Amino acid sequence: MTAAVEMLGIRKVFPGVVANDNVDLSVEEGEIHALIGENGAGKSTLMNVLFGLHHPEAGAIKIRGNEVHIRKNADAIALGIGMVHQKFKLVPSFTVAENITLGSEPRHRGVFTDRKAVHDSVMEISQRFGLQISPDARIQDLPVGVQQRVEILKALYRQADILILDEPTAVLTPKETRDLFGVIRSLVANGKTVIFITHKLREVMEISDRVTAMRDGKVVGVTKTSETNPTQLARMMVGRDVLLRVTKTPAQPKDVVLQVRDLQVFDDRNLKAVRGVSFDVRAGEIVGVAGVEGNGQRELVEAIVGLRPAWGGEIKVKAKNLTTLNVRQRREVGVSCVPEDRYVRGVALPASIEDNLIVSNYFKPPIAQGPLLKPDVIARHAQEMIETFDVRTPSKDVPAYALSGGNLQKVVLARELSAQPDLFIAAQPTRGLDIGSIEFVHRQIVNARDRGAAVLLVSAELEEIMSLSDRIVVLYEGKIMGTIEGARATEEGLGLWMAGITEATPEVAGSPEVARQLVAH
Amino acid sequence: MDFSGLLDILQRYVFNIANLQGMLRLATPVVLAGLCALITSRAGILNIAGEGMILFGAWFGVAGSYFFRSAWMGLLAAMLSGLVVGGLFALFSLKFRAHIIIMGIAINIFANSATIFLTREVFGVAGAFSDPNIAGLPPIEIPILKDIPVLGPLLSGYTFIVYLAWILVALTYIFLYRTPWGLHLRAVGENPQAAETLGINVQRVRFGAVMASGVFASLAGVYLSLGHLQMFTEQMAAGRGFIGMAVNTFGGGEPVGVFFSSLLFGIVETIGWRLQGERIMPVYFISMLPYLATLLALTVFTLRKQQAKKAALERAAHEA
Ligand SMILES: Nc1ncnc2c1ncn2[C@@H]1O[C@H](COP(=O)(O)OP(=O)(O)OP(=O)(O)O)[C@@H](O)[C@H]1O
Ligand SMILES: [Mg+2]
């Protein structure tokens, strides 16, 4: 059996970093090959080399046994390689069919786009692989799960038979992930080969045939999935034992810090996203907000921190009404937040780590004295934060964009937690992070609670919600479906609430089988 | 209120054949300047060099026509200048990565002084150059149509470039929405990375867009210098390159939108000319009118959009 892809001795250097160091990767024809590794291990870089977006300093690539020279993206496409990137590359105002055929669209008399053929060929290909899609829908109106399907179809339309998926599940809901796995299985049944990057070991165990693990730009292990387990994989990736579950003592809730009453908030499309939500968070407890993404979580958080107006209702922190205060005033009251999109709202990408660490308090002592900043204090502050939060960086002066996702998140956490907030909000705090970083972030959240902060944790990951929260509220279509103590919640039960099914209470959701079926619908 | 008076004013200043003809004539360079802005903005390029490109087009139009005694040669010379200036602009801003705004300003300033210099050196005059040897573009009478009352005088008898502008509006539409290249251009404008990973050469598409914008602008210029009076005047672009950008915004980046927004500009300018004849307002104030109208239109347009959004919010609040 020949390997579909063989990469030999690949070396890729970025200024100051060896992203790939003598990397070998071998992927068999027709297999699902998982590629795992910490943030910054060099997975995306390796795949970008294969897809012709980066040029390696050394190394060779063989496709189906033949040595090839991939100089540009188009070469890789011609060799039947397709890639779905971490960040989608779609044109929002174009239709599904236009996006799929863009760049190689059927023509009519040589000069015109043959719009019927565009439509038909997309229909044909979506049927052949069982990926349902409406060709005339506009990308901007579609949920991420469907957008991802468009990306996959884009590759299939170009006759890809080696498909690279770079962290495809990071943005998906559990249901969308299940659908994606179905699609992947049917692709493999159709003779395709899939390379699958993920941080979720559960997914590796579920879908892959073999696993390659990377650390610091090198391959540290290749194994058959059937011969390994999550603990072993974690150790291989991180180089030490990792706690896959958080340890914490029972909560000691004290006074109410956050009080939300009948809150109403609109989303960007002017639809009501939060419809009359009321809950409390006490000092010393973690309240988890569970729910499928897009059920009002984002708007809820933005309304509390002051990025979005509340249309109705009340938000109080320590009995102080927040609704008329601006963002800075709210922070002064004691609110701090790890925002959902760390690249957009968490940090200023071109600014240095040092600067990013002071953007919330640059205007007051000890950072500033009157109108002037104090560089020595700022430098010391940065150094201290980098050490305490174990940010892996060559220096405090590198721009934020040079950091891997996990390290970037540590910078955000450092800034937000160093303010010693009374209310600490963490929105999707571990999205896209590797297990080592997840462990770290989780420990910080529990520490904040133990220090006496009220913590509001918003996450689409049920596992995360269940392992951290002392109390869980489930949002469905902008309303609270139910509240339950963390210790008493079951995954099946929460799943029912997340699907909007009220009859069941989480701890008595009937047999797990029944629940699973219900959720699937 | 006396409506017959109002009607009389409307008829005198707006709804009569001569005024509508004036509107179509005066809108023509704006339509072309608008297309110049459109084709680049849809490719994701902020091209502010339209003004300078128009000026070059105007000058070379006159020069070509004067030296070859043929308006068509003038047209050709102008279009060539558009290609060259567009090409240089693209080369410096896209390939050598000069800042696109700075580059645009440079072209505008350069065009201004270069045409003044050339007028003095080549024709030996300052300010304006006109000469009986400069051939103008002849009016085109459209058979059959020209004999139909109202429509005939309204649609027949303009110079070639007026019709060309109309055709270009249609062609631009077809190009954008019916051809693969138009699709590529829009993709490059909206998400260049998406286009790139599909093997579309983003650089080449943008290069083409800038060259095309140069041709559109040069046609606007040639219309100014040969379309009516055969004459080159210093700074004769008179802000039309920028009005083109406004018209493009106002027209939502759509060819048909650009056309109709340009008509608005044209009618105001026509009224301006009329009022100048009446001597009821200072001339300087009157020549300000079209620009004022553009500013006003843009403001109203933006306000309306905001209001619509607010209304939608209000409605949603009621429903929920
Ligand atoms: N375009 C670039 N310029 C400079 N450095 C880069 C670039 N792309 C990646 N790097 C660096 O190369 C290293 C490997 O990055 P890469 O994106 O391949 O990691 P990854 O394994 O995909 O991580 P993640 O799980 O966070 O996606 C990192 O240190 C990163 O900072
Ligand atoms: Mg990556």
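## Confidence in chain B

Within chain B, helix H1 (residues 3-13) has the lowest confidence, at a mean of 73, while helix H10 (residues 202-226) has the highest, at 96. Confidence here is pLDDT, the predictor's score for each residue from 0 to 100, and helices are DSSP runs of H or I with at least four residues, numbered from the N terminus. Chain B as a whole has a mean pLDDT of 88, with 96% of its residues at 70 or more. Where pLDDT is low, the predicted coordinates should not be read in detail.

This is a predicted model, in which local features need pLDDT of at least 70. Residues are numbered from 1 along each chain as its sequence is written, and chains are lettered from A in the order in which they are written.

## Where the chains meet

For the complex, the predictor gives an ipTM of 0.80 and a pTM of 0.81. Contact (heavy atoms within 4.5 Å) links 27 residues of chain A with 25 residues of chain B.

About 2,400 Å² is buried between chain A and chain B, with carbon and sulfur atoms giving 64% of that area. Buried area is the accessible area (1.4 Å probe) lost by two parts on being put together, summed over both. On the chain A side, Lys89(A), Leu102(A) and Asn270(A) lose the most area to chain B, together 22% of what that side buries.

## A helix pair in chain A

Helix H14 (residues 405-418) of chain A packs with helix H15 (residues 435-451) of chain A at an angle of about 10°. H14(A) and H15(A) are therefore roughly parallel to each other (angles under 35 degrees count as such).

Technical notes
Predicted model: local features only at pLDDT ≥ 70, side-chain atom pairs only at ≥ 80, totals over all residues. Heavy atoms only, no water. Axes fitted to C-alpha atoms, helices over the stretch in contact; angles between N-to-C directions. Helix = DSSP H or I, 4+ residues; strand = E, 2+ residues; numbered from the N terminus. Parallel < 35°, antiparallel > 145°, perpendicular 65-115°, else oblique.
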